[in-house]
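Please look over the sequence and the structure shown below before reading on.

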Amino acid sequence: MLRNRSLLGLLTAELVSLTGSSMTFVALPWFVLVTTGSTAKMGWVLAAEMLPIAIFGIPAGSLIARIGAKRTMLVSDATRGPLLLVLPILHHTGHLTFPALLGTAFAIGVFAAPYFASSRIVIPEVAGEDQRAVTEVNAILGGANQLTQLAGPVLAGVLIAATSASTVLVIDAFTYVFSFLTIALVVRAGKRVQPTAASRGILAGVKFLMHDTLLGPIMIAACVINFVAQGLIVGIQGLAYFRYDGNAHVLGFLFGAFGVGALIGSLAAQQLARRANLMKLAAFAIVAMPLPLFVLSGSLPWGAALVVVAAFSFFAPLVNAPIIGMLTVRTPEALRPKVMTAVMTVATMAGPLGFLGAGIALRYISLSTLFIVLPALLALGGLAFATILLRQSAAPDLPGVASVAHG
C-alpha cells in the first residue's frame with residue numbers, strides 16, 4: 001500500500017500538518033492556563049474550537065459532495081494557516097484578548113470536520129472498496145496520526161519552555177502550507193460525488209445513519225463516550241499544572257504518551273485487520289480502554305503516569321480503525337460525504353460540553369476524584385458500545401451485516 005503515490009502524499013501531508021496541530025493542541029490551552037490560571041477559561045477555548053463541528057459539520061457534507069474531497073482539504077489548509085497566524089500577531093502587538101482568542105479558535109474549528117471527513121472519503125479511491133483494505137489504510141493513517149501525537153506534544157513542551165506558545169502557533173501555520181502543497185501536487189483522488197435520490201438534502205447522512213440498525217446505535221453511543229472522553233484532555237492538563245508543578249516538559253511527555261500507546265495500537269490494528277473479527281476486536285478494545293485510567297486517581301510519579309496514559313491510548317486504534325472501515329464500506333458512495341460529516345458531527349457535538357464540564361468540575365472536585373468519575377463513565381459507555389457490536393456480530397444473516405461480521 002505504501003507504494004501508492006496518492007496514499008503516500010496523503011500520509012505525508014497528515015504527518016506534517018497533524019504534528020503542527022498536536023503542538024497547538026498543547027500550546028493553546030497551556031497559554032490560557034498559564035496566563036489566567038483558570039481551568040474554566042481553558043475549557044472555553046477548547047470548546048470554542050470544537051463547537052463549529054457541531055454547528056457546521058453536517059452542512060459540510062453537501063460542500064464536500066459538491067466540490068470534491070481533495071478540493072475541500074485544500075480550502076481547509078489554505079484557510080487555517082493564516083487564521084493561526086492571527087493569534088501570535090495579536091499577542092505580539094498586545095491586542096490578544098480572551099474574546100479574540102475564542103473567536104479565532106472557533107474560526108479554525110470550522111474547517112476541522114470537512115478536512116477529516118474528506119481525508120477518509122478518499123481512502124476507497126486509493127485502496128479499493130474492500131473493508132479489510134480500507135480498515136488497514138485507516139490503521140496506517142491512524143498510526144501516522146498517533147505518531148504526530150507523540151512528536152507534536154514533546155516538541156511543543158520543548159519549544160514552549162525554550163521560547164513561547166506563540167512560536168508553536170507560527171510553526172503550525174506553516175505546516176498547513178506544506179500540507180496544502182503536498183495534497184495539491186501529489187494526491188490523485190477526491191473526485192466529485194455524483195448525487196442520487198437518497199443523497200439529496202443536508203440531512204441525508206443523518207437519515208441513513210438513523211435507519212441503519214448498526215451505525216445508528218453506534219453513533220449515539222459514540223456521542224456519549226466522546227462527551228466524557230474530552231474531560232480527559234482537561235484532566236491531563238490539570239495533572240501537569242497542579243500535580244507536577246506546572247512543568248511544560250511533563251505536559252508534552254503526557255500528551256506524547258497518548259501518541260506512543262496509540263502508535264503501537266495502530267500497528268497492532270493493521271495486523272489484526274487482516275485476520276480478526278472486526279466487530280469483536282472493537283468491542284473488546286472499547287471495554288478495556290478506560291480501565292488503566294483509574295490508576296491516575298492516586299498520586300503517581302509522572303513517569304508512571306506516562307505508562308498509564310499510553311496503556312489507555314493503545315486501545316483507541318483497535319476501536320477506530322475497524323469502525324471507520326466498516327462505516328466507509330457500508331455506506332453507498334454517493335452518501336459518504338454526508339454520512340462521514342454526520343458521524344463526526346454527532347460523535348463530537350457533545351465534546352464542547354465535555355471540555356466545559358471538566359474545566360468547571362475541577363474548581364470543585366480534586367484530580368483524584370476526576371480520575372475515578374471519568375473512567376467509570378467511559379467504562380459504562382464502552383459496555384453499551386460493545387453490546388451493540390456483539391449483537392450485530394451474532395446476527396450475520398441480517399441484510400448488510402454479513403460482509404461486516406465476516407469481512
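A residue is called buried when its relative accessible area is under 20%, exposed when it is over 50%, and partly exposed in between, with a 1.4 Å probe and protein chains only. By that definition, buried residues make up 57% of the 407 residues in the protein. The model is a predicted one, in which local features need pLDDT of at least 70 and side-chain atom pairs count only at pLDDT 80 or more, while totals for chains, interfaces and linings use all residues. Residues are numbered from 1 along each chain as its sequence is written, and side-chain values use heavy atoms, with hydrogens and water left out.

The protein has 18 helices and zero strands, where helices (H or I, at least four residues) and strands (E, at least two) are DSSP runs numbered from the N terminus. Of the contacts in the protein (heavy atoms within 4.5 Å) with a separation of 6 or more, 86% are between residues 24 or more positions apart.

Among the helices, H14 covers residues 316-330 and reaches 21 Å from its first C-alpha to its last, close to the 21 Å expected at 1.5 Å a residue, the expected span being 1.5 Å times one less than the number of residues. Because 13 of its 15 residues are buried, H14 is largely enclosed by the rest of the structure. Helix H12 (residues 278-288) is mostly covered as well, with eight of its 11 residues buried, including Leu278, Met279, Leu281 and Ile286.

Ser119 lies in helix H5, which spans residues 112-121, and is buried, with a relative accessible area of 1%. Leaving aside residues up to four places away in sequence, Ser119 touches Leu10, Glu14, Met73 and Leu141. Ser119 and Glu14 are 105 residues apart in sequence, yet 8.9 Å apart in space from C-alpha to C-alpha.

What is the volume of the second largest pocket? The second largest pocket has a volume of about 150 Å³, and of the 13 residues that line it, the closest to its centre are Gly357, Ala358, Leu370, Leu374 and Leu377. A pocket here is an open set of points on a 1 Å grid over the protein atoms alone, with protein on both sides within 12 Å along at least five of seven lines, and lining residues have an atom within 4 Å of a point; the volume is the space filled by probe spheres set on the points, which are joined across faces, edges and corners. Helices H10 (215-243), H16 (351-361) and H17 (367-393) each supply at least two residues of this lining, and H16 gives the most, with five residues.

Technical notes:
1 Å grid on protein atoms, 1.4 Å probe; cavity = no way out; pocket = protein on both sides within 12 Å on 5 of 7 lines; lining within 4 Å.
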